[in-house]
Amino acid sequence: MTTKASNRGAAIEIRSITKTYGDFRALDDVSLHVEPGEFMTLLGPSGSGKTTTLNVVAGFTDLTSGTLLVGGKNVVGVPAHKRNIGVVFQHYALFPHMTVGRNVAYPLTLRGVGKAEREARVLRALDMVKMRDFAHRYPSELSGGQQQRVALARAIVFDPPVLLMDEPLGALDKKLREWLQLEIKRIHRELGTTFIYVTHDQEEALVLSDRIAVFNRGRIEQVGTGRELYDEPSTLFVGRFIGDSTVLRGGARSDGTGTALKIADETVTTPRRLSGDVTPVMLLRPEKLSIRRPGQPAAGQNRLSGRIAEAIYLGSGSKYEVALGDGSLAIVRSSLTDESFKIGEQVDLWFDGADAKLLADDASAETTLT
Amino acid sequence: MSAIVEPAKPGTAGRSRAWKAFALALPALILLVAVVGYPLLMIVLRSLSEPHWGVQNYSWFFSTPVNLVVLKRTFAISAWVTVVCVACAYPYAYLMTAVGPKVRLVMVLCVLIPFWVSGVVRTLSWVILLQDSGVINSVLKWAGIGTVRLIRTQTGVVIGMAQVLLPFMILPLYSVMKGIDLRLMRAAQSLGARPIRAFFTVYLPLSLPGVYAGAIIVFILALGFYITPALLGGPRSTMLSTLVQNQVLSLLQWGRGGAMGVVLLLATFLLLALAAPAMRQKHKEGARH
């Protein structure tokens, strides 16, 4: 039906879609453009709208309002079975009464593909997920990771231009998850299909994605590459959700040269300022903070004193949680060659004001994370 | 059971466990032997020994055309009852899995309440409903369709029996259906299956174990039905149990009655043995979750 060459991913254009359940706005004016062949991850805490967005694209959920284009065609109102979009579910959803081979052949049988071609394509798909030897097994005879690989083969065997994955690795343990992430990345590269991947795991999103859309409370907070989200978060929520971070809150004073925050009785400054009537907070990545014993200065004009609250050995270095003067926790990473600190030890944290991100405070950023 | 699964020490420990399980089942076993095993043995013995030893009762059964006609009809009516029960119970059981807990409770009660009413009472109410001037025919007449003969016909018997046996179909079906993951239907649709196709390729095969279980219970119970066919049926819808009753209670031919019972029992075994391989295969597949 489709050849390798024509099997290019389709673009997806989500235009201000809204989905309400009674008074609850599951999706609130969400817009997103996905390039053909792109690996787009929808990242966010549970209930943030990422899975609802996926279900809308798959055709499982109706829209309250908005437009959805797949490959340039409006698919609003088109039932799921006519969309030709592959879906991989967290719970595998393999048919328990069919062998692996018949599961993978299912979408081809529905499309009237002849026996010989069907068998060839089933084997090719199983080859791609390295499950060729399991064609005659039943799903109940496979492990979770094997079942999910079969589900992946079943979702790509009919060469859909778009593949949706809803937390596909959520039920698997860490080692297996990391290995399958690389497998999924490889399969994406080989197929050229547009992937939309839903997860609440920010590390997974960083490993897999070309770009990430961060969801919070039914809205998209920011869309960008992992590096953009990490280095230049546009909201406090994004900064907190992606990677480790230290948030400094305190009495703020802005003037022409920048912003100063007063934390306990120490003042830190950054050459940035926020416009509008918002409370500014500073967000710092762990590697932007240097940890020193008192009296040993480091680079950067800002110094905060604190006490080691937690020391975590990571193998490649150590991670410290430092309780600051106002009781808040700062997160610092230091490499193996640095000296190590003990819990309770008094330390100084140094950073360059230019490395601090100045963001508008958002009380919900903390609550939605947990 | 557990003794077989137990991996360690198949010797003493396993054996003592098996004995304990056996001891627990003993009262039930004694009851079964006393009220089923012994009477059954007596029936078989009497069918071979009255009025004298030999197979004369069996040769009488197979050489009397009316017996064979009624035997065949008994199986036919039971098959029809099973088909009607599947047709009625399948959507009902499916609905039970789809509704909320409160509606489900009402639906379960609707299934169970007839159980608490005596079979004779229920059958007599069917007489009132089905008779020529009964409720059903009055409605049909009023609607301009005209009357249908229901009482003293095979159709009437099938309707009445199906109603009595319906719970035996609904309950096993429901217990299987509630275990079917409805998300599989969504997966089937994402792979390109229209809802109706998804039903026939995914839901139906997974629900078949329930259909088989219910069908076997209903069919076997229907074979031995006595009151309902006797009250709702006419001479052309007599079932084997009525003939047995005639032989034993009216003619005091215990041997002939016994032979009829044994023939019915063996015929049932034969039929189940023929159906078993297909069912077991499907059942095994459906049970894989």
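**Chat: chains A and B in a predicted model**

Author: This is a predicted model. In it, 18 residues of chain B are in contact with 21 residues of chain A.

Reader: Which helices of chain B supply at least two residues each of the side that touches chain A?

Author: Helix H9 (183-190), helix H10 (195-223) and helix H13 (254-287) of chain B.

Reader: And where does the largest share come from?

Author: From H9(B). That helix gives six residues of the side of chain B that touches chain A.

Reader: How do the residues on that side divide into nonpolar, polar and charged?

Author: Seven are nonpolar, five polar and six charged.

Reader: New topic. What domains is chain B divided into?

Author: Domain 1 covers 1-39, and domain 2 covers 61-287.

Reader: How many Å separate their centres?

Author: The centres of domain 1 and domain 2 of chain B are 34 Å apart, taken over C-alpha atoms.

Reader: Over to chain A. What order do the three strands of the open sheet take?

Author: The order is E11-E15-E21, and the pairing is antiparallel.

Reader: Which ones are the edge strands?

Author: Strand E11 (246-248) and strand E21 (357-360) of chain A. Each pairs on one side only.

Reader: How many degrees are neighbouring strands turned against each other on average?

Author: 35 degrees, with direction ignored.

Reader: How many bridges join E11(A) to strand E15?

Author: Three. E15 of chain A spans residues 280-284, and the two strands run antiparallel.

Reader: Which residue in E15(A) is the bridge partner of A:Leu248?

Author: A:Met282 is the partner.

Notes. Residues numbered from 1 in each chain as written. Chains lettered and ligands numbered in written order. Predicted model: local features only at pLDDT ≥ 70, side-chain atom pairs only at ≥ 80, totals over all residues. Contact = placed C-beta atoms within 7 Å. Helix = DSSP H or I, 4+ residues; strand = E, 2+ residues; numbered from the N terminus. Nonpolar A, V, L, I, M, F, W, Y, C, P; charged D, E, K, R; others polar. Domains from an automatic or database assignment. Pairing = 2+ DSSP bridges. Axes fitted to C-alpha atoms, helices over the stretch in contact; angles between N-to-C directions.
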